[in-house]
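Please find below a colleague's note on the structure, arranged as numbered points.

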Amino acid sequence: MKRSSFLQRTLGLVGASFLFSSFSSRKISVDFSAINAESSPFSLPALPYSFEALEPSIDRLTMEIHHDRHHKAYVDNLNKAVANTPMANLSLEELIVNISKYPVAVRNNGGGHWNHSFFWQLLTPSKTNPSQELQNQIIKDFGSIENFKTEFTKAATSRFGSGWAWLIFKDGKLIISSTPNQDNPLMDLADIKGNPILGLDVWEHAYYLKYQNKRADYIASFWNILNWDFVSSQFAKVNK
Ligand code: MN3
C-alpha cells in the first residue's frame, strides 16, 4: 500500500465522522485529512472544545498554554524550518512518513504539529466507550480493558523524559509503544511503526501546573476524558 493511502485510511474520515458522532456539542469540526494534506504555511487548528471543558482532569490554564503556546510554537517553527526549501511543497503526511530525510527541526516541529493535532481529538468532556469491535480486540490482545489500561499506564509512566505513549494497530494486533520527544509511530525511524489509534502526551508541559511531578496522577485522570469514539473510529479505519 502506498504510504499516502495508508495515512488517508488512518486519518482521512475523522472530520466527517465527527460531524455525525456524539460530538454534536463541538463548536468546530477539525478535518484531520485536511491537516494531513496541509502544506506550508501550516496553521494551528482550533481546539474542538473550550479550554476549561476538560476540568477537573486537565485545567483551563494548562490547556490554554499547551494549545496556544506550545502547539503554536511547533507550527511556527515548522513553517520557519521548511521556508524557502523544497520541503515547503510537501504535505505534513509526506514529511512525517519520510522524516529521516529531513532536518531535526522538521522532525521535532512537524511531529509536534501532527501529534498535538491528533491529541486534541483524543480528549473530550463527554462520556464515551470503546466500540464493541475495539473492546473485542483489546480483550483479545490484552485480556481485559483494565489490563490494557494498566499496560498503557506503565508505558506512559516509564517513558523517560519527554515523549508519548501510543496504542497502535499493526499486523492485526494492538500494540503499546512509546516514542521520545515529538516522534510518532508513523515516522520511518520509529522503533515500532504502525497506525496510531491513541496517543498520550507525557511531556511535563501537558500536566505540570496541576499535577507537578505526579505523572501517574495525570495518566489516571486521562482515562476520564479519553474520547473512545475517536479511538474507535481510528480503529475501524485501520482494521479492514
Ligand atoms: Mn504537548
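1. α8 packs against α10 (residues 215-225) at an angle of about 140 degrees, and the two axes are 10 Å apart. Axes here are lines fitted to C-alpha atoms, for helices over the stretch in contact, and angles run from 0 to 180 degrees between N-to-C directions. Helices (H or I, at least four residues) and strands (E, at least two) are DSSP runs, numbered from the N terminus.

2. The model is a predicted one, in which local features need pLDDT of at least 70 and side-chain atom pairs count only at pLDDT 80 or more, while totals for chains, interfaces and linings use all residues. Residues are numbered from 1 along each chain as its sequence is written.

3. The crossing of α8 and α10 is right-handed. A crossing has this hand if the near helix is turned clockwise from the far one by less than a right angle, and is left-handed if anticlockwise. On the α8 side the contact is made by Lys149, Thr153, Ala156 and Thr157, and on the α10 side by Arg215, Ala216, Ile219 and Trp223. Contact requires C-beta atoms, placed from the backbone, to lie within 7 Å. By class, these residues are four nonpolar, two polar and two charged. Ala, Val, Leu, Ile, Met, Phe, Trp, Tyr, Cys and Pro count as nonpolar, Asp, Glu, Lys and Arg as charged, and the others, Gly among them, as polar.

4. α8 (residues 145-158) also packs against α7 (residues 132-142), at an angle of about 65 degrees and with the axes 8 Å apart. That angle makes α7 roughly perpendicular to α8. The crossing of this pair is left-handed. Gln135, Ile138 and Phe142 of α7 meet Ile145, Asn147, Phe148 and Glu151 of α8. This contact of α7 with α8 comprises four nonpolar, two polar and one charged residues.

5. The sheet is open and has three strands in the order β2-β1-β3, with antiparallel pairing. Strands pair if DSSP finds at least two bridges between them. β2 and β3 (195-201) are at the edges with a single partner strand each, so one side of each has no neighbour in the sheet. On average, neighbouring strands are turned by 20 degrees against each other, direction ignored.

6. β1 (residues 163-170) and β2 (residues 173-180) run antiparallel and are joined by eight bridges. Trp164 is opposite Thr179 in β2, and Ala165 is opposite Ser178 in β2. The two strands form a hairpin with two residues between them, and Asp171 in the turn has a positive phi of about 50 degrees.

7. Six bridges pair β1 with β3 in the antiparallel sense. Phe169 is opposite Asn195 in β3, and Ile168 has Pro196 of β3 as its bridge partner. Helix α11 (residues 228-238) lies across β1 and β3, running at about 155 degrees to β3.

8. A residue is buried if 20 or more other C-beta atoms lie within 10 Å of its own, exposed if 12 or fewer, and partly exposed in between, with C-beta atoms placed from the backbone. Asp191, in the loop between β2 and β3, counts as exposed because it has 11 C-beta neighbours inside 10 Å. Asp191 and Thr179 are twelve residues apart in sequence, and their C-alpha atoms are 8.0 Å apart in space.

9. For the chain overall, the secondary structure comes to eleven helices and three strands. Along the sequence the pattern is α-α-α-α-α-α-α-α-β-β-β-α-α-α. Of the 240 residues in the chain, 40% are buried. Among contacts between residues at least 6 apart in sequence, 67% join residues at least 24 apart.

Technical notes:
Angles under 35 degrees count as roughly parallel, over 145 as roughly antiparallel, 65 to 115 as roughly perpendicular and the rest as oblique. Two residues are in contact if their C-beta atoms, placed from the backbone, lie within 7 Å.
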